Amino acid sequence: MKKKKLGFFLVPALALMLTACGGGGTTEEAPEAGGEAAAPAGETKVIRAGIGLNDQHPQYLGLLRFKELVEERTEGAIEVQTYHSGQLGDDRTMTEGLQLGSQEVTIPSTAPIANFVPEYSLFDFPFLFPSEEVADTVLDGEMGQRFLDMLPAQNLVGLAYWENGFRNLTNDVRPVASAEDMKGLKIRTMENELHLEAFRALGANPTPMAFTELFAALQQGTVDGQENPYATIYLQKYQEVQDHVSNTQHIYSPFVFLMSKTFFDGLTPEQQEIVQVAAVEAGQYQRELNREANNQYLADLQEEGMTFTEISEEARQEMVDLIAPVLEKYAERIGEDLVQEMYDAIEAAQQ
Ligand code: TK8
């Protein structure tokens, strides 16, 4: 079946509007129509920041915090315009926008970033991070910095890790308690080869799709299921089109706060420091909100009629074993040394 592109009509219109604001994120006038005055001191730099999730999600609330911090600390010299729900495009399109200079900030999951920097697949090794706390230590430490350092070669700057969270499977066919129950289920995955191969190894029938197309695909039955953290499932209202949820917790999904390198390089050193610190501070706030949300919404999903199925330790171990050959293959591709260093960093973080 042909995939429907929901964002298709929206994107060109917005692109036009944005082009009219002046290229490279810099404008001498107020960026939006509506007769507002320009910022007081000369040239205002504009950050067009777009994300995939909607305006209820902690990702957007974190972005609003970033806006507040940056606008306050630069006294209006930098303006942050925020867009949610894929208004500026899907994760891949927005990241390309950063490379081209038609957008300044986006905050994708690590999985789509692997299409730009293949090493990023490592974050999406199933069952890699045992907890949010261990992920924080590794991502905010030396290992996380090493991955951020791979981004400038792609004309991207990574300012901080935010959190999407542990991913869980939902579907519309049957309760899933084990890999056996996934047999033949058409599962939407993010646009990432490792995700596809892992779900194939589990016996499912995965298909990659941009997040912006997902709700319609679930509604129309193009796919049977998908996987995302509870907060995303609930706030994007997948409970309206999905019957079953299981705590597969198969991947801890980080977000990466990305900025266009061209834009970052054009900031004064003080401004660079301000956006860097604001991305980290807003990220701490976002992680807190996100953890509360992920804890709260499983109960709400059940209240709204979804069945919940617990994955037993045995069933989870079986998934680990089924996926192991896929991970071996990717470890070779990414580089055995880097993979080993990641495992070591995770182990050290647990001490
Ligand atoms: C939002 C995406 C989303 C991700 C996905 O832009 O695509 O399933 O989990 O949250 O990054």
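Which residues surround the ligand? Select Gly 52, Leu 53, Asp 91, Ser 109, Asn 164, Arg 167, Arg 188, Met 190, Phe 211, Asn 228 and Phe 255 to see them; a residue counts as near if one of its heavy atoms lies within 4 Å.

Before going on, remember that this is a predicted model, where local features need pLDDT of at least 70 and side-chain atom pairs count only at pLDDT 80 or more, while totals for chains, interfaces and linings use all residues. Residues are numbered from 1 along each chain, and side-chain values use heavy atoms, leaving out hydrogens and water.

Now show the side chain of Asn 228: one of its N or O atoms is 2.6 Å from a ligand oxygen. Next, pick Ser 109, with a polar side-chain atom 2.9 Å from an oxygen of the ligand, and then Arg 167, where that distance is 3.0 Å. Alone, the ligand would expose 300 Å², and the protein buries 99% of this (Shrake-Rupley method, 1.4 Å probe).

Finally, colour by pLDDT, the predictor's confidence in each residue from 0 to 100. The chain averages 91, and 88% of the residues score at least 70.

Terms used
A polar contact is a pair of N or O atoms within 3.5 Å; within protein, one must be able to donate a hydrogen and the other to accept it, and residues adjacent in sequence count only if both atoms are side-chain atoms.
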